[in-house]
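Please look over the sequence and the structure shown below. The paragraphs after them walk through some of the features.

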Amino acid sequence: PVCSMGNSTSRLYSVLAKTLSSGAVSQPQDCLEQLDPARLDPIDPKDLLEECQIVLQKRPPRFQRNFVDLKKNAASNHRPIRVMQWNILAQALGEGKDNFVQCPMEALKWEERKCLILEEILAYKPDILCLQEVDHYFDTFEPLLSRLGYQCTFFPKPWSPCLDVERNNGPDGCALFFLKDRFELINSANIRLTAMKLKTNQVAIAQTLKCSETGRLFCIAVTHLKARTGWERFRSAQGCDLLQNLKSITQGAKIPLIVCGDFNAEPTEEVYREFSNSSLNLNSAYKLLSPDGQSEPPYTTWKIRPSGECRHTLDYIWYSQHALNVNSALGLLTEEQIGPNRLPSFNYPSDHLSLVCDFSFNQDPDRLL
């Protein structure tokens, strides 16, 4: 049952209430037609966070994660840009295909798991949000986040595995959200990645934004590369294709770039080396949390399947190190916080950890690469 929000706020939460109480599968166009009259009403994020917490009152409290200050005495004359990267776990895959043997099905219920996802987003207040495995875009994320002030873009996989699951909610894909009061959209490209000249099932979104405060342009991209062991060369080819596209969009790195994604690749893989050694002069932001600034975190995903326990580093936030500074990064969950049954769980909604970084523009925009 959905808790009453009281007369003053009940209309504000009509979208959340509908998606909480409805078990029916909604087609995107139906959903948009139903919700359109209320879509322009803004939502106060604090109120929505409280509403999520009411739904989640029987679950354990959200994990405490702290930001690590990475500034090297680099003063900035503008507010940092907070970027959040997260594979949120497609609902159809979590319930129907991924087989998390230590995770109770009760923990995967969309009515509550959705609120855990929203709670995490609302807690960190990203200016830009990059998501993978989004299969509830039209009935949840687009209606709610647009009313929180975000401009929303979705690009589904052509042959999403979600469609093989009975009572699915449509295909999963990548989604990109940015706050309209902070950025202006200059250009947007939906990219279907190729490998060995063949179109693949993996996609990317790349958008050139203008920062309202500084007038500076930058490009933000989100992607999700092919999964599974044995597909390393395929991922490498997809990475090369994405880099070629991004070189064109950024005019050969004249426009600063941030690339968020689940690369499904450990740092030992070829696709990681391609991004590290690219002429776009990219660095991986989460390396900066390591003592020497050269090592990725020990894991960004940790789960138990019938085949065994999987602990991998697959998720990254790449950035133009000549043009951008990383002011801070959100620390990862500890092994103790994650617990022996690993992810997802009653505490945490996805099998991947969210990554969050605060960026500022380099004070010398004309600095050479």
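With which residues is Ile220 in contact, leaving aside its neighbours within four places in sequence? They are Val83, Ile128, Cys130, Leu176, Ile205, Ala206, Gln207, Leu209, Ile258 and Cys260, where contact means heavy atoms within 4.5 Å. The model is predicted: local features need pLDDT of at least 70 and side-chain atom pairs count only at pLDDT 80 or more, while totals for chains, interfaces and linings use all residues. Residues are numbered from 1 along each chain as its sequence is written, and side-chain values use heavy atoms, leaving out hydrogens and water.

Ile220 is also one of the residues with the most contacts inside the largest nonpolar core, which has 71 residues. A nonpolar core is a set of buried Ala, Val, Leu, Ile, Met, Phe, Trp, Tyr and Cys residues joined through side-chain atoms within 4.5 Å; buried means under 20% relative accessible area, exposed over 50%, and partly exposed in between, with a 1.4 Å probe and protein chains only. Helix α6 (residues 110-124) gives the most to this core, with 8 residues. Helices (H or I, at least four residues) and strands (E, at least two) are DSSP runs numbered from the N terminus. Another core, of 25 residues, lies apart from the largest one and includes Ala206 and Phe275.

Helix α7 (residues 137-147) is mostly covered, with 10 of its 11 residues buried. Among them are Phe141, Leu144 and Leu145. Just after α7, Gly149 has a positive phi of about 100°.

Aromatic rings come next. Rings of Phe, Tyr and Trp (its six-membered ring) pair if their centres lie within 6.5 Å; planes under 30 degrees apart count as stacked, over 60 as edge-to-face and the rest as tilted. The count comes to 19 aromatic pairs. Trp86 and Tyr348 form a tilted pair, 5.9 Å centre to centre with 50° between the planes. This pair links distant parts of the chain, 262 residues apart, and both Trp86 and Tyr348 are buried. The pair of Phe263 and Phe275 is edge-to-face, because the ring centres are 5.0 Å apart and the planes are at 90°. Ring pairs also link Phe263 and Phe275 with Tyr272, Tyr316 and Trp318 into a cluster.

Tyr286 is found in the loop between β10 (282-284) and β11 (301-305). Tyr286 counts as buried because its relative accessibility is 3%. Its side chain reaches the backbone nitrogen of Val356 at 3.0 Å, a polar contact being a pair of N or O atoms within 3.5 Å; within protein, one must be able to donate a hydrogen and the other to accept it, and residues adjacent in sequence count only if both atoms are side-chain atoms.
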